[in-house]
Amino acid sequence: MRLLLVAVLSCALVSAAAADEYPTALIERPQLLPRGLVQIDAALGHETRRALGIEILSAESADLAVRLGVSGRWELGAASSLWLHPDARWDRAVSLSADYHAFAGERIDIAPRLALPLSFHHGYDLVDTAWLGMGLRARLGDRLFAVAGRRLLPIDIRPAFALHAGLDGGVGFQATPALALLAETQLAMLTLVGPIDRTTTIADRWPVSLTAIWAARRVDTTLELRSGDSLALESDFSLLVSLGVRP
Amino acid sequence: MKTLACTALLVAACAGPAGTSVDLPDGSPGIGFDDLRYSARLGKVLVPAGRSGALDLIDPASHDVTSIGGFTQMDDYGGGHDDSVTSVDDTGRWLLATDRTAGRLEVVDPDQGAIVTGAALGGHPDYVRWVAETDEAWVTEPGLEQIEIFSLAGDGTPTRTGTVAVPGGPESLVVDPVRHRAYTHLWDGATVAIDLAAREVVATWDNGCGDSRGIALDPDLGFLFVACQEGKLVLLDVDQDGANLAEVWPVDGSDVIDYSPALHHVYTAGQISATVAVVGVSSDGDLAILGEQDAALGSHCVVGDGEGGIYVCDPDAGRILVRDDPFDPITD
């Protein structure tokens with residue numbers, strides 16, 4: 001028990017020191033959390049989904065995520081969600097993620113991410129889809145940066161194996177040292193292998209997300225708006241407000 | 001505190017499926033359900049309850065169960081769905097039910113709550129369906145790769161009148177009163193159309209399944225829904241020579257499905273994913289997964305009552321799970 005206490009206190013001290021040195025401006029931050037730094041994200045969101053002309057979901061949820069910088073090259077994370085309204089329930093899934101800082105150039109760095117959502121439903125399928133992202137970020141100027149491949153490869157595992165390529169990307173703007181704005185979209189999803197066809201292009205739907213991040217030394221406040229199809233008046237829509245705390 | 005939190009998490013993770021359920025008489029050893037039907041005339045969910053030896057009728061409002069016995073009764077449940085009564089249909093006067101163990105087609109008078117007559121079958125039965133247009137009972141017999149046909153006398157007594165050969169099948173059966181056809185699957189990725197009067201296969205269509213299972217029809221739109229064992233749901237257009245219009249993957253491990261023509265919703269349950277899904281159907285042949293809910297491992301059969309009630313079999317517990325279809329009708 002004492003050993004555990006010492007370990008926790010040591011981690012807290014390391015995390016506190018790392019948090020103090022962590023840049024405020026998003027454009028100056030490394031893609032992964034530095035070694036020992038912990039970030040806890042708590043979010044409240046509203047989501048509306050539509051299909052075939054009817055509303056199929058209108059719900060509020062709370063998300064909780066923890067990320068830990070294991071070393072300069074590795075970051076591990078875990079996330080889960082609770083539905084708050086209309087039915088309050090845990091969604092019986094925990095998503096585990098691992099990020100690897102594979103390349104760090106002067107302007108470009110690449111940190112691939114593997115996310116593995118584990119389902120604790122009643123069925124036999126523990127994992128039905130995994131996500132592999134390329135995690136590319138390019139600094140285009142002092143204030144401008146681009147991101148791509150955050151969800152590069154959805155991998156369907158059950159009920160059938162299928163591999164897809166997603167073409168997504170976005171542009172970010174560091175408006176002030178504290179405020180960053182990010183616009184992202186997905187141009188296409190192409191099924192490469194397998195019977196589950198996820199192929200769509202912006203001719204079918206044009207998903208867009210707009211994000212504003214207000215960063216302080218230890219706390220990030222994020223507002224994110226997502227549209228499932230920005231060309232359709234009635235489409236999927238979500239609004240997320242989150243706090244990211246580095247204790 | 002930590003112990004309490006862990007316990008709460010475990011309870012949340014391992015608790016039974018959400019929603020209500022209907023326990024069936026003598027269901028606790030388990031029941032090998034297969035076919036489920038809803039009779040709008042009787043206002044009852046019809047549940048052939050396998051080894052319990054009864055055809056159970058569930059009232060959707062009260063969930064009261066009326067049990068009609070007289071089928072083969074067995075003490076032990078060994079899994080699968082090969083025991084006793086497993087398929088049923090409503091003629092408008094009688095209920096027809098097949099008993100796999102006895103190899104019989106039984107005719108039930110729902111007013112008397114009893115079997116009144118019946119006939120021996122030529123082979124091991126799978127599904128029974130009433131063909132109103134010809135006043136015939138069609139019984140699929142996969143072991144003999146045929147459909148056996150019976151006419152019914154005024155007192156309900158069945159008389160064998162012929163067969164339809166379905167090499168490679170038949171799996172599932174649905175009748176199309178608009179086109180005077182019946183549709184059934186071949187096990188290995190095809191669906192066939194049968195002319196009701198000629199009693200012969202008149203078309204064979206690729207259905208995209210690795211293993212074909214359940215079937216449902218929207219006769220007005222000419223949409224035939226095919227459930228694949230692997231969990232895929234396929235929409236074939238019977239007016240376009242079985243053209244594949246759409247497919248989705250709503251569950252893992254599908255079998256018996258149902259369709260609500262009023263809502264334009266298909267219900268499909270997954271015995272591996274332990275879920276039941278509602279799939280929307282647009283008039284131009286699009287499919288979209290509207291939502292899914294928990295069911296149970298082994299839940300491979302489902303029926304709707306046309307008014308938003310969904311009934312899913314739970315074989316290991318010998319009960320029927322009741323879920324709601326909360327979605328609006330598709331009008332697109």
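**Chain B: a four-stranded open sheet and the overall fold**

In chain B, four strands form an open sheet in the order β2-β3-β4-β5, and their pairing is antiparallel. From one strand to the next, the twist averages 25°. The model described here is predicted.

**Pairing within the sheet**

- Strands of a sheet are held in pairs by backbone hydrogen bonds, in either a parallel or an antiparallel arrangement.
- S39(B) has K44(B), in β3(B), as its bridge partner.

**Secondary structure and dimensions of chain B**

- Chain B contains one helix and 28 strands.
- Its radius of gyration is 19 Å, close to the 20 Å given by the globule rule for 332 residues, so chain B is as compact as a globular protein of that length.
- Taken along the principal axes, the box filled by the C-alpha atoms of chain B is roughly 70 × 45 × 30 Å.

**Burial and contacts in chain B**

- Of the 332 residues in chain B, 54% are buried.
- When contacts in chain B between residues at least 6 apart in sequence are considered, 48% of them join residues at least 24 apart.

Definitions and conventions:
Residues numbered from 1 in each chain as written. Chains lettered and ligands numbered in written order. Predicted model: local features only at pLDDT ≥ 70, side-chain atom pairs only at ≥ 80, totals over all residues. Pairing = 2+ DSSP bridges. Helix = DSSP H or I, 4+ residues; strand = E, 2+ residues; numbered from the N terminus. Axes fitted to C-alpha atoms, helices over the stretch in contact; angles between N-to-C directions. Rg over C-alpha atoms; globule rule 2.2 N^0.38 Å. Buried ≥ 20, exposed ≤ 12 C-beta atoms within 10 Å, placed from the backbone. Contact = placed C-beta atoms within 7 Å.
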